[in-house]
Structures are given as structure tokens and as C-alpha cells.
Amino acid sequence: MSINLGEKLKSLRKNKNISQEKLAQYLNVSFQAVSKWENSSTYPDIELLPELARFFGITVDELLGAEQIDEKNLYKEYETRAAEIYRNGDISKTLPIWREAYYKLPNNIEVKEMLMSIYFDIDKIKYQKEIVELGTEIYNSNSDSYFKGQAIWQIARTYAACGNNEMAEKWAFKAFPLMHSREMLFVQITDDVAEMLSEFRFANHWYLDNLFYMSAKIASCENIPGGTEYVQAVNKAITQMYELVFLNDDMGFEDFKRMCVKHRSIAEDEIALGKDENVVKHHLMRALECAERSISVKEHDLNCPLVMGWHVYDAPADDEQVARLLKKELSWDCFNEYRNKDWFIDIENRLDLLL
């Protein structure tokens, strides 16, 4: 109970210009009791609080001086605190922030989804219980399809990572097929141009995002038909799609990171396949360009037709992440045969300038 309750009662009573006796009579207590409340010697019984609040025409929260939480603004505060940390690659450091948010806003669906996602990103095996509990709660709520979709996606992948394929498939079957997605349907049925473009860019952006991760999963398979050559063809097709969608490399920081990884992977596989040095050089140069351009990303809306209006943010404070990653990967043994080539030395020198 607020330590200022006595002062609050005294102020309210005087503003109403009534005596302690009259207030005591209304509450059926002695005026000495009211006097002790106002002097903070004692506090009123909790059952009297609604009567006190009603008498003064206020809520119990106002009587006690309880803070009225604006959930939307409070969520944005937590989101802002966590966003910069996350974008700098310190994902695990956001966990205390979202745990605190969940404590303060236990019924907020956005907080639940963010906490579930952080558990998932940090260690889906270690936090299996937490992910499944939060995800199940989200799925069984009245939230919209986006949050339920996130719950299905993360629960299914968590069960798969933990070796429980039966439960993974059970949850996967709860998802809608791609051709029945809300975004695709709204583009077909709406006459609102702004809404149509919003759904269009959302679908295209997240399709590319998931295409990147699906291709990474395929590349990790040992017995994929076509082997390295098939994986290579897939990766080249994806880089071409990114370049088509994000014209003139107008993309966000995370997209540059994905493209850098993809081009480096293509160069590595080209070496394994014994292909032309010029192909290896081309993709490593493109990886370098992605590292260089990632540092200068500024907050703006994209103008590329397929994702027009998609908002990207400034590069994070730690804007050298992509360059550090590429420098580390270029130290791998698979690139040894090119290490003394002028073009390879040039790439390393330009990376050193970035760092």
C-alpha cells in the first residue's frame, strides 16, 4: 500500500470540505480511525478501499497512487531497449529485458511472442519448455494469425531440434499452406491500394527471408540429390532473386549479412567443384561489397518495386559485424590456394580498412 495514502486521504477530504467525523460515519468507523489513517499510523482495512474510492469519486488505483500503465508505450520502451542490443548481435543480453517485460505485462501478446522468440534464438533445446508453454498459450489465445503462425513455426522447429519429430509434424500441420496465406489472399480481394501494397511487400520480404534459411537447411543435407552442384545452383538462384528484388543493393543490414554469407558460400563450393577462378573471385568480391555497404545503411523506406515501402533501420552501433564475419571466413583453409593472388590480397586489405 502506498506510504502516501494518509496524505492522499487528507487532501481528498479537505478538497471535499468534509470532516473526519463525516467520513467516519459514512464508513461506519470511528473518527479516531480516520485520524490514524491520515497520520499514517495505521491503514484502512483492504475491504474499505472500494468504499473510500467510491466516496471520493475515484478509482482504487487512483486512491493508492498506483501507476496507470500504458501498455503500448511501455512495450515500445522494452522493444527499443532490446532492438539495438539484438541488432549488435548480443541476442542473449535481451533475455532479461523481455523477462522483465513479461513480468510487467503478463497478458501482452507481443511481449509473449518476443520472449518466445528470444528463447528460440538463444537455445531452442535448452529452452524447449519455455518455448512450448509460451507458444501454446499464444496459439490458444484470441490473437491474430501472425502471432499464432509464429507460435506454430517456433514450436515445430523446437520439437524437431529436440528430436521429437512426431510433435514437430503435429504442430507443422497446424500451419496454413503458402498458397492460402493471408497476405496472398488480401492482395487478391482488397481494392485498397495501400493495403494491397503493404501485404505485397510483406509477403515478398518474408518469402525471401525464409528462402534463405530453407536453402541453408538444404545445404546441410548430406544425401541431397545432385549434391554440391545442386546446392550451388540453388544458392546462385537466391542471390539473383535478392538482386532482382533489392535493386542496386538497396536493402537492410540483415539482408546484407545474408547476401555476404551466401556469396562466400558460393565461392567455397566453386572451389570444391574445381570451377573457374574468376567465378570464385566474383562471388568473394560481391561478399566484400555487401560487407562494405552494410556499414552505411541508413534508416529509410525501400523504393524497390517488389518491397516498396518496406522500412529498414540504420546499421547498428556495431556496424562491423559483416566485415568481421567475412574476414574470419576468408581465413579458412579452402581459400589457401588464392591467398597470394592480387585480387584476394585486395579483398583482405579492404576488409582491414573497414575494421
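**Helix pairs and a pocket**

The crossing of α15 and α16 is left-handed, meaning that the near helix is turned anticlockwise from the far one by less than a right angle. The model is predicted: local features need pLDDT of at least 70, side-chain atom pairs count only at pLDDT 80 or more, and totals for chains, interfaces and linings use all residues. Residues are numbered from 1 along each chain as its sequence is written, and side-chain values use heavy atoms, without hydrogens and water.

**α15 and α16**
- Helix α16 spans residues 277-295 and packs on α15 at an angle of about 165°, with the axes 8 Å apart.
- That angle makes α15 roughly antiparallel to α16 (over 145 degrees).
- Axes are lines fitted to C-alpha atoms over the stretch in contact, and angles run from 0 to 180 degrees between N-to-C directions.
- Helices are DSSP runs (H or I, at least four residues), numbered from the N terminus.
- On the α15 side, the contact includes F253, F256, M259 and C260; on the α16 side, it includes V279, V280, H283 and L284. Contact means heavy atoms within 4.5 Å.
- By class, this contact of α15 with α16 has twelve nonpolar, three polar and four charged residues. Ala, Val, Leu, Ile, Met, Phe, Trp, Tyr, Cys and Pro count as nonpolar, Asp, Glu, Lys and Arg as charged, and the others, Gly among them, as polar.

**α13 and α14**
- Helix α13 (residues 193-219) packs on helix α14 (residues 227-245) at about 165°, with axes 10 Å apart.
- α13 is therefore roughly antiparallel to α14.
- The crossing of α13 past α14 is left-handed.
- Contact residues include Y207, L208 and F212 of α13 and Y230, V234 and I238 of α14.
- The contact of α13 with α14 has 13 nonpolar, two polar and one charged residues.

**Second largest pocket**
- The second largest pocket has a volume of about 260 Å³.
- Its lining has 16 residues; A216, A219, V231, N235 and S265 lie nearest the centre.
- α13, α14 and α15 (253-272) each supply at least two lining residues.
- α15 gives the most, with six residues.
- The lining has seven nonpolar, five polar and four charged residues.
- A pocket is an open set of points on a 1 Å grid over the protein atoms alone, where a 1.4 Å probe fits, with protein on both sides within 12 Å along at least five of seven lines; lining residues have an atom within 4 Å of a point.
- Grid points are joined across faces, edges and corners, and a volume is the space filled by probe spheres set on the points.

Methods. Angles under 35 degrees count as roughly parallel, over 145 as roughly antiparallel, 65 to 115 as roughly perpendicular and the rest as oblique.
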